[in-house]
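Please read the numbered points with the model in view.

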Amino acid sequence: MKTKPVLTLTDVNAILDAAQQEAEANDWKVTIAVADDGGHLLGLRRLDGAPAMTPDIASQKARSSALGARETQAFEDMINGGRNAFLSAPMQGLLAGGVPVMIEGQMAGTVGVSGVKPDQDVQIAKAGIAAVG
C-alpha cells in the first residue's frame, strides 16, 4: 500500500503563523486558508482589516489549487491568454494566490491567500509553505 504525506494540525498552524508574519511585516491585510490535498479547509486566518470577501476567496483559491494540482496562477494565465471557456470549469478561485504544499514530491495540501496584489498573495502563501518545507 502506498503512503503519502499529509498536513497535521501542527503543520497547518506553522503555515498560518509564517504566512501571517510575512503579511504583517508588509502591512498587508489578508486572509490565509490552508486546505488538504482534496481542497477541504483545514485552517483559516483572517487578519485584522482584511476585507469581508477575502475568507471566501482565499478558501476557493486553496480548493482550486488542490483540485487542479497546481498554482492557481496557471488558471489565471490560461483565462488571460484567451482560454475563456475555462471560466465554465466547476471551480472558483481561479486567480493567483493558491499554491500547493509539496512534501517529498507529493501534494500534501494547499495554501490560498486573498487581500493584496496577486504576486503578494503568492509571496505570503510561499512564506507559509516554507515553514513546513
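**Note on the sheet, the helices and selected residues**

1. Four strands make up an open sheet in the order 2-1-4-3, and their pairing is antiparallel. Strand 2 and strand 3 (98-103) are the edge strands, each pairing on one side only. Strands here are DSSP runs of E with at least two residues, helices are runs of H or I with at least four residues, and both are numbered from the N terminus. Two strands are taken to pair if DSSP finds at least two bridges between them. With direction ignored, neighbouring strands of the sheet are turned by 20° against each other on average.

2. The model is a predicted one, in which local features need pLDDT of at least 70 and side-chain atom pairs count only at pLDDT 80 or more, while totals for chains, interfaces and linings use all residues. Residues are numbered from 1 along each chain as its sequence is written, and side-chain values use heavy atoms, with hydrogens and water left out.

3. The pairings can be taken in turn. Strand 1 (residues 31-36) is joined to strand 2 by five bridges, and the two run antiparallel; Ala33 stands opposite Leu44 in strand 2. Six bridges join strand 1 to strand 4, again running antiparallel, and Thr31 faces Ser114 in strand 4. Strand 3 and strand 4 also pair in the antiparallel sense, over six bridges, with Gly98 opposite Gly112 in strand 4.

4. Strand 3 and strand 4 form a hairpin with two residues between the strands, where Glu104 takes a positive phi near 55°. Strand 4 is mostly covered, since eight of its nine residues are buried. Buried means under 20% relative accessible area, exposed means over 50%, and partly exposed lies in between (1.4 Å probe, protein chains only).

5. Axes are lines fitted to C-alpha atoms, for helices over the stretch in contact, and angles run from 0 to 180 degrees between N-to-C directions.

6. Helix 1 (residues 9-25) also meets helix 4 (residues 118-130): their axes come within 7 Å and cross at roughly 140°. Helix 1 is therefore oblique to helix 4. Angles under 35 degrees count as roughly parallel, over 145 as roughly antiparallel, 65 to 115 as roughly perpendicular, and the rest as oblique. The crossing of helix 1 past helix 4 is right-handed, the term for a near helix turned clockwise from the far one by less than a right angle.

7. On the side of helix 1, this contact is made by Ile15, Ala18, Ala19, Glu22 and Ala23, and on the side of helix 4 by Gln123, Ile124, Ala127, Gly128 and Ile129. By class, the contact has seven nonpolar, two polar and one charged residues. Ala, Val, Leu, Ile, Met, Phe, Trp, Tyr, Cys and Pro count as nonpolar, Asp, Glu, Lys and Arg as charged, and the others, Gly among them, as polar.

8. Is Ala125 buried or exposed? Ala125, in helix 4, counts as buried, because its relative accessibility is 0%. Leaving aside neighbours within four places in sequence, Ala125 is in contact with Gly97, Val99, Val111 and Val113. The C-alpha atoms of Ala125 and Phe75, 50 residues apart along the chain, are separated by 17 Å.

9. Gln60 belongs to helix 2 and is buried, with a relative accessible area of 18%. Its contacts, apart from neighbours within four places in sequence, are Gln92 and Gly93.

10. Pro51 lies in the loop between strand 2 (41-46) and helix 2 (54-68). Pro51 is partly exposed, at a relative accessible area of 36%. Leaving aside neighbours within four places in sequence, Pro51 is in contact with Lys29 and Arg46.

11. Asp27, in the loop between helix 1 and strand 1, has a positive phi of about 55° although it is not a glycine; Asp27 counts as exposed, at 58% relative accessibility. Ala69, in the loop between helix 2 and helix 3 (73-80), is likewise not a glycine and has a positive phi of about 55°. Ala69 is exposed, with a relative accessible area of 52%.

Methods:
Contact means heavy atoms within 4.5 Å.
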